[in-house]
Amino acid sequence: MSIEIDCHGESHVGMRRHANEDQFLIADLNKSMRVHRTSLGLNHQTRLFGGSQGKLLLVADGLGGHESGERASTLAVDRVTNYVLNAMDWVFQLDEHSEANFETDLKKALRHSQEALQNEADAIPQRRGMATTLTMAYIDWPNFYVVHVGDTRCYHIRSNKIECLTTDHTLGELTRTANRMSNLSTGQVSKASDESQGSSRMDNTLYNVIGGSDPGLDPQVQQSELEVGDALLLCSDGLTRYVSDDELLEAIQADDQSAAEICHNLIEKANQRGGKDNITVVLAKFSENQPQQVDHAQADQDQTESLLDDTAKHVPSKVS
């Protein structure tokens, strides 16, 4: 089965910020060969590419203030992509026997970024405390892997359901999870909703990010499978702060809109509702690639007309 991916990413500074500390990436991973010299006729091509071996989606939300936050997200994205290209040699031949190693290497990619941010913070005191969230999806159809730290999110949309695959690594979410586990263990039911606790300042306090003052890093990794008709959404909290999961689902399931139109509309909605933070959206929609329909009758007619034209060119004209 041939799969078509309608994919788009967009980032906006928002209505209150003066700089955008978010970064995103959409990339195809390909095998390539650089030809230095050959006797073969390659039409002067020096680099040959194979088909796409996978797709990489990534969103990062920098922390630490204007320049530090932008530098943190930029450096993290750069180091992750560098690691994927240069250290994960077997990524192009992923199979069921290498899944465990693949998940380990995904975590190593984020830890590689962690080292880079710490080294720069040590060298430049003004950069101490800079950090970034990072959520990345690697797609090897039909499998996909998500690696994540912070409060950027990855959603999986299928049929009429939307599922957030990532956990917000904030003290607020950590507290709510602990309370739910405590209530389950004691048999008690708390009437306090997540919404009533969502305004807590702890929701803005991250404990698991790339960089920052804590050298520890515990990336979340999850593997799942895609089906035709599914969609993946990666976004920063500048979107989810203003747009609910139900609204995300409704927007993404709009049949008459492309990924680019959906991304743009979601950002517009967040800005209309306040837009206090940078807003970044990456969306991939998966459909079956439909072969082009050939009108055989029209093709036969075109061929006949072409033959008649050629015949007319070779028939001597009458000279009066």
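This is a predicted model: local features need pLDDT of at least 70, side-chain atom pairs count only at pLDDT 80 or more; totals for chains, interfaces and linings use all residues.
View 1. A search of the whole structure finds 15 salt bridges.

View 2. Start at Glu-173. Its side chain forms a salt bridge with Arg-176, at 3.2 Å from N to O. Both residues belong to helix α3. They sit 3 residues apart, about one turn of the helix. The side chain of Glu-173 also meets Arg-180 in a salt bridge, again with 3.2 Å from N to O. Now compare how covered these residues are. Glu-173 has a relative accessibility of 17% and counts as buried, because the cut-off for buried is under 20%. Arg-176 is buried as well, with a relative accessible area of 8%. Arg-180 counts as partly exposed, at 35% relative accessibility.

**View 3. Arg-176 reaches from helix α3 to a loop.** Besides its bridge to Glu-173, Arg-176 forms a salt bridge with Asp-203. The N to O distance in this pair is 2.9 Å. Arg-176 lies in helix α3, while Asp-203 lies in the loop between α4 (194-197) and β8 (210-211), so the pair ties together parts that are 27 residues apart in sequence. Are Arg-176 and Asp-203 buried or exposed? Both are buried.

**View 4. Four nonpolar residues make a surface patch.** The members are Leu-171, Leu-174, Met-202 and Tyr-207. Together they have about 310 Å² of accessible area. Look at Leu-174, which is found in helix α3 (residues 171-186). Its relative accessible area is 43%, so Leu-174 is partly exposed. Leu-206 is 32 residues from Leu-174 along the chain. The C-alpha atoms of Leu-174 and Leu-206 are separated by 9.9 Å.

**View 5. Five strands form an open sheet.** The order is β1-β11-β10-β6-β7, and the pairing is antiparallel. Which strands are at the edges? They are β1 (3-12) and β7, and each pairs on one side only. Neighbouring strands of this sheet are turned by 15° against each other on average, direction ignored.

View 6. Strand β6 spans residues 153-158. Of its 6 residues, 5 are buried. Its partner here is β10 (residues 231-235), which runs antiparallel to it. How many bridges join β6 to β10? There are 5. You can follow individual pairs across the two strands. Arg-153 stands opposite Cys-235. His-156 has Leu-232 as its bridge partner.

**View 7. Strands β6 and β7 form a hairpin.** Strand β7 covers residues 161-164. It pairs with β6 over 4 bridges, in the antiparallel sense. Ile-157 stands opposite Ile-162 in β7. The hairpin has 2 residues between its strands. Find Ser-159 in this loop between β6 and β7. Most residues other than glycine have a negative phi. Ser-159 is exposed, because its relative accessible area of 55% lies over the 50% cut-off.

**View 8. A cis peptide bond joins Trp-141 and Pro-142.** Omega is about 5° at this bond. Most peptide bonds are trans. Where is Pro-142 found? It is in the loop between β4 (131-140) and β5 (143-149).

**View 9. Three rings make one aromatic cluster.** The residues are Phe-102, Tyr-138 and Tyr-145. How many aromatic pairs does the structure hold? It holds 3.

Definitions and conventions
Residues are numbered from 1 along each chain as its sequence is written. Side-chain values use heavy atoms; hydrogens and water are left out. Rings of Phe, Tyr and Trp (its six-membered ring) pair if their centres lie within 6.5 Å; planes under 30 degrees apart count as stacked, over 60 as edge-to-face and the rest as tilted. Patches are made of residues with over 30% relative accessible area and no salt bridge: like charges are joined within 9 Å, nonpolar side chains (Val, Leu, Ile, Met, Phe, Trp, Tyr) within 5 Å. Accessible areas come from the Shrake-Rupley method with a 1.4 Å probe; for residues, only the protein chains shown count as cover. Buried means under 20% relative accessible area, exposed over 50%, partly exposed in between (1.4 Å probe, protein chains only). Two strands pair if DSSP finds at least two bridges between them. Axes are lines fitted to C-alpha atoms, for helices over the stretch in contact, and angles run from 0 to 180 degrees between N-to-C directions.
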